[in-house]
Amino acid sequence: IKKKQTLGFQAEVKPVLQLMIHSLYSNKEIFLRELISNASDALDKLRFELINNKFISTDNSDLEIIITFDKDNRTINISDNGIGMNRNDIITNLGTIAKSGTQEFFSKLSGDQKKDASLIGQFGVGFYSAFIVAKKIIVKSRHVNSPITEGVLWESEGSGNFTIETINKTNRGTDITLYLRSKEEEYLSSWKLKSIIRKYSDHISFPIKMYKETWDEEKKETVISNNEFEVINQASALWARGKSEITDEQYIEFYKHISHDFEKPLIYTHNHVEGRNEYIQLLYIPSRAPYDLWDRNKRNGIKLYVKRVFIMDDAEQLLPTYLRFVKGVIDSNNLPLNVSREILQESRDVKVIREGSTKRILNILEDLSTSNDKEKIIKYANFWKEFGQVIKEGIGEDNNNKERISKLLRFASTNNDSDIQNVSLMDYIKRMKEGQNKIYYITGENYKSVKNSPHLEIFQKKSIEVLLLTDRVDEWMLSFIPKFENKELVSIAKGNLDLGNLENESDKKQQKETETKFQNLIEEMKKILSEKAKDVRVTYRLTDSPACLVVDENEPSGNMIRMLKAAGQ
Ligand code: ADP
Ligand code: MG
């Protein structure tokens with residue numbers, strides 16, 4: 001095992017590297033953010049292990065990240081005394097793209113650099129971004145549970161393969177050395193490195209240290225100490241700070257750190273909740289849906305901390321499934337430090353936190369959706385486009401908040417000329433005709449088919465608005481909201497359409513006359529269609545089309561039947 005071994009990268013690593021270098025070149029300084037972010041994760045994991053696994057014997061040296069550079073050798077070094085990696089860890093973590101969803105990611109690559117560049121942002125850039133500035137990277141690491149003789153040295157030029165060998169490593173954790181490409185010497189400056197650290201990594205809760213610089217009065221120049229360090233960042237958990245002490249930029253950088261998203265969040269909410277159940281919540285809604293949004297089993301992106309100590313990623317108990325796109329941190333003062341997923345499931349404290357966090361998210365969405373502020377209107381439209389279909393799941397999933405969620409819903413409607421979903425049930429009610437006491441909708445597979453449905457004819461004639469519902473979840477969702485603000489929601493494609501007071505007496509009289517006139521024809525048609533149709537009726541729904549199909553009130557609609565069939569039922 002001691003011998004040096006050469007291994008190939010997983011096939012996908014190479015295209016990702018290429019794409020990364022191409023698409024992030026103009027923003028290449030983020031490599032440092034990514035490496036610091038990994039170091040911080042490694043320190044979090046170590047601290048967690050120290051609490052939960054009493055067998056680990058390790059020195060109690062302070063958890064920290066140290067950054068140095070060497071002008072002569074053109075290297076930058078990033079060290080942490082975190083959990084470290086053993087041989088297997090290093091092979092899987094740095095030789096493959098171990099993230100879940102990698103396959104979907106690759107299936108979405110189009111070959112169009114521009115489009116793919118935004119995908120890579122969503123996917124998170126990570127360790128490989130260091131190859132944008134480095135022609136060679138050496139990683140030395142030792143896992144906290146490995147003996148000194150079982151350190152690992154990983155080396156690669158980022159092309160086809162990497163080498164790996166066993167080394168002695170006295171200090172626990174990971175040291176990463178970047179050998180800079182030519183033209184990247186700007187990073188060999190403490191001023192430059194410090195400014196990048198302050199810009200992107202100030203929120204990291206562990207100290208990030210560099211050698212101290214002092215002014216030498218005699219030589220009239222700054223000298224860099226070779227034994228004394230200074231802390232560059234604030235080194236306190238960002239979410240624990242007061243809101244007024246945090247800038248928008250810091251909130252955004254923190255989001256990128258925890259979410260691995262490359263884009264800004266759409267909006268966030270930060271609260272210190274006091275009382276019997278004390279906790280801090282810092283929750284973000286991303287600007288864009290992740291490619292795996294439809295995976296309901298995907299755990300959501302909430303990191304759980306207890307009294308500033310990291311406990312776990314993806315604590316799915318802390319928010320309902322329909323809010324699985326929310327990212328953030330929840331830091332509880334009440335939960336025990338050794339809390340497990342099983343305990344979370346039962347905990348009353350967690351229930352309180354989940355309800356509180358759900359409220360917060362609904363609050364910010366309500367605020368966006370009811371505002372007259374231009375920026376907020378755009379944000380809500382963007383939100384609905386990305387996450388509207390998932391919010392609809394909440395109608396069935398979260399009975400306590402059904403009322404509030406139904407006000408957030410947006411639909412396409414005959415009031416618009418496009419398929420944009422921007423009509424709320426409230427908007428609809430405000431536009432209802434005199435005598436109208438129902439909310440009319442039609443469901444179907446796509447906008448075009450519902451928009452051209454013959455069922456709409458009578459509504460067009462009478463200028464009555466109809467909501468056009470074409471999302472997969474719509475029918476399921478509608479079964480949970482029979483009424484909104486006391487107005488019944490009615491499908492115009494079902495049963496005997498009762499337009500109630502919207503019909504005047506002469507309409508009704510004319511209908512009766514027509515029915516009598518066509519009685520014989522109807523009887524004849526019933527006989528001919530006896531195998532295919534349950535009933536044949538004269539209709540006054542249509543103005544141009546000769547006939548249309550309807551389903552009985554209590555039966556699933558045509559669209560629902562198609563869906564059930566597609567689902568193999
Ligand atoms: P991500 O951080 O999104 O998981 P990265 O590409 O940044 O993806 O890192 C890949 C993996 O390599 C990490 O998940 C972690 O397991 C491992 N890793 C990277 N840097 C370190 C480090 N400094 N200490 C321990 N493990 C690390
Ligand atoms: Mg990372």
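Analyst: The account below begins with the sheet and then moves to the helices, the core and the remaining regions. The model is a predicted one, and every value given here is computed from it.

The sheet in question is open and has 5 strands, arranged in the order β10-β11-β14-β12-β13 with mixed pairing. Its edges are formed by β10 (265-273) and β13 (309-312); each has a single partner strand, so one side of each is left without a neighbour in the sheet. On average, neighbouring strands are turned by 20° against each other, direction ignored.

Helix α7 (residues 248-259) packs on it and touches β10, β11, β12 and β14 (327-332). The direction of α7 makes about 80° with that of β11. Helix α2 (residues 30-52) lies across β12 (301-306) and β13, and runs at about 85° to β13.

Helix α2 also packs against another helix. Two packed helices are described by the angle between their axes and the distance between the axes. For α2 and helix α6 (residues 190-200), the angle is about 65° and the axes are 9 Å apart. The crossing of α2 past α6 is right-handed. On the α2 side the contact involves Ile30, Leu32, Arg33 and Ile36, which meet Leu193, Ile196, Ile197 and Tyr200 of α6. By class, the residues of this contact comprise 7 nonpolar, no polar and 1 charged.

The nonpolar core comes next. In soluble globular proteins, nonpolar side chains tend to be buried together. Here the largest nonpolar core has 71 residues, of which Ile285, Leu304 and Phe325 touch the most other members. Leucine 304 illustrates this region: leaving aside its neighbours within four places in sequence, its contacts are Val309, Phe310, Ile311, Met312, Ala315, Leu318, Ile330, Leu335, Val339 and Leu344.

Most residues other than glycine have a negative phi. Lysine 307, in the loop between β12 and β13, has a positive phi, near 45°. With a relative accessibility of 44%, lysine 307 counts as partly exposed, since that class lies between the limits of 20% and 50%. Alanine 235 is placed in the loop between β9 (221-231) and α7, and its phi is also positive, near 55°. At 25% relative accessibility, alanine 235 counts as partly exposed.

Of its 8 residues, 7 are buried, so β7 is largely enclosed by the rest of the structure. Strand β3 (residues 75-80) pairs with β7 in the antiparallel sense over 6 bridges, and isoleucine 78 stands opposite isoleucine 176 in β7. Strand β4 (residues 134-142) likewise pairs with β7 in the antiparallel sense, over 8 bridges. In that pairing, lysine 136 stands opposite tyrosine 179 of β7.

Another open sheet of 5 strands has the order β15-β17-β16-β19-β18, again with mixed pairing. Its edge strands are β15 (412-413) and β18 (483-484); each has a single partner strand, so one side of each is left without a neighbour in the sheet. Strand β18 is joined to β19 (residues 487-491) by 2 bridges, and the two strands run antiparallel. Phenylalanine 484 has lysine 487 in β19 as its bridge partner.

Finally, glutamine 460 lies in helix α14 (residues 457-461) and is partly exposed, with a relative accessible area of 48%. Glutamine 460 and histidine 203 are 257 residues apart in sequence and 57 Å apart in space, C-alpha to C-alpha.

Note on methods:
Residues numbered from 1 in each chain as written. Chains lettered and ligands numbered in written order. Predicted model: local features only at pLDDT ≥ 70, side-chain atom pairs only at ≥ 80, totals over all residues. Heavy atoms only, no water. Core = buried A, V, L, I, M, F, W, Y, C linked by side-chain atoms within 4.5 Å. Buried < 20%, exposed > 50% of the residue type's maximum accessible area, 1.4 Å probe, protein only. Contact = heavy atoms within 4.5 Å. Pairing = 2+ DSSP bridges. Helix = DSSP H or I, 4+ residues; strand = E, 2+ residues; numbered from the N terminus. Axes fitted to C-alpha atoms, helices over the stretch in contact; angles between N-to-C directions. Left-handed = near helix turned anticlockwise from the far one by under 90°. Nonpolar A, V, L, I, M, F, W, Y, C, P; charged D, E, K, R; others polar.
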